[in-house]
Amino acid sequence: MTTDGPQPTQFRKLTLFAESPDTVHAARTLVSSALDDWGLNALADDARLCVSELVGNVIHHAVPDACLAELGTPRRIDLTVRRWPKWLFIGVADEDSSPPTFPIGEMFSPELVGDLSEACLPDCGRGLLIVQRLADGLWWSPEVPAGKTVFCRFDLVAPAPAGRA
């Protein structure tokens, strides 16, 4: 039996809480388990590092919007891992509608990096720079009624060389 439509996706979802001491570990474990089950072990190290950075950003920077904030309740983080035939998507949703600050261009000239001390590195944006370098795509989307999801994408099929279709 053959189908002409898109193949079904493989999907995992986990709700975490920013105040839990094992939040990042649980996120990394979900990604590892999904990639192992789906035969994508070659992406495991990069995907685990990306999810660590995205979840860490929520833990350290996200402040729930007034319409979602409830005094004394933990901050919610929704993690999704979805595989399509050509892509792997990781989404990290939080309750803060503030857009993330994505790095633009190089932070330093590659020729100077070796001479700079760590004290000269920027105070923020390093985690998203790591995600930007490891993943094939990085973007965010607002959520309704509030909050946002930051996504990263890994391409599973190498693009054809230029001039070939």
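This is a predicted model: local features need pLDDT of at least 70, side-chain atom pairs count only at pLDDT 80 or more; totals for chains, interfaces and linings use all residues.
User: Which residues of H2 are buried?

Analyst: Buried means under 20% relative accessible area. In H2 the buried residues are Ala44, Ala47, Arg48, Cys50, Val51, Ser52, Leu54, Val55, Gly56 and Val58. They pack against H1, E2, E3, helix H3 (126–134) and strand E5 (148–155).

User: What makes up the largest nonpolar core, and which of its residues have the most contacts inside it?

Analyst: This core has 31 residues, and Leu35, Leu79, Cys152 and Phe154 have the most contacts inside it. At least two residues come from each of H1, H2, E2, E3, H3 and E5. H2 gives the most, with 7 residues.

User: What does Phe154 touch, leaving aside residues up to four places away in sequence?

Analyst: Phe154 touches Leu43, Asp46, Ala47, Cys50, Lys86, Trp87, Leu88, Ile90, Leu134, Ala135 and Asp136.

User: Why are strands E1 (10–17) and E4 (137–142) said to stand at the edges?

Analyst: The open sheet has 5 strands in the order E1-E2-E3-E5-E4, with antiparallel pairing. E1 and E4 each have a single partner strand, so one side of each is left without a neighbour in the sheet. From one strand to the next, the twist averages 15 degrees.

User: What makes strand E2 (residues 76–83) and strand E3 (residues 87–94) a pair?

Analyst: Pairing needs at least two bridges. E2 and E3 have 6 bridges, in the antiparallel sense, so they meet the rule for a pair. Arg82, for one, has Phe89 in E3 as its bridge partner.

User: Where does helix H1 (residues 23–37) lie?

Analyst: H1 lies across E1, E2 and E3, and runs at about 170 degrees to E1.

User: Why is the contact between the side chains of Glu19 and Arg75 called a salt bridge?

Analyst: The cut-off is 4 Å between nitrogen and carboxyl oxygen. Glu19 and Arg75 meet at 2.8 Å, N to O, so the pair falls within the cut-off. Glu19 sits in the loop between E1 and H1, and Arg75 in the loop between H2 and E2, so the pair ties together parts that are 56 residues apart in sequence.

User: Are Glu19 and Arg75 buried, exposed or partly exposed, and what makes them so?

Analyst: Glu19 has 45% relative accessibility, so it counts as partly exposed. Arg75 has 18%, so it is buried.

User: How do you know that Asp45 and Arg48 are separated by about one helical turn?

Analyst: They are 3 residues apart in helix H2, which means about one helical turn. Asp45 is exposed because its relative accessible area is 55%.

User: What do Asp94 and Lys148 tie together?

Analyst: Their side chains meet in a salt bridge at 3.2 Å, N to O. Asp94 lies in strand E3 and Lys148 in strand E5, so the pair joins parts that are 54 residues apart in sequence.

User: Why is Asp94 called buried, and why Lys148?

Analyst: The limit is under 20%. Asp94 has a relative accessible area of 8%, so it is buried. Lys148 has 6%, so it is buried too.

User: How many salt bridges does the count come to?

Analyst: The count comes to 6 salt bridges.

Definitions and conventions. Residues are numbered from 1 along each chain as its sequence is written. Side-chain values use heavy atoms; hydrogens and water are left out. Helices (H or I, at least four residues) and strands (E, at least two) are DSSP runs, numbered from the N terminus. Axes are lines fitted to C-alpha atoms, for helices over the stretch in contact, and angles run from 0 to 180 degrees between N-to-C directions. Contact means heavy atoms within 4.5 Å. Buried means under 20% relative accessible area, exposed over 50%, partly exposed in between (1.4 Å probe, protein chains only). A nonpolar core is a set of buried Ala, Val, Leu, Ile, Met, Phe, Trp, Tyr and Cys residues joined through side-chain atoms within 4.5 Å.
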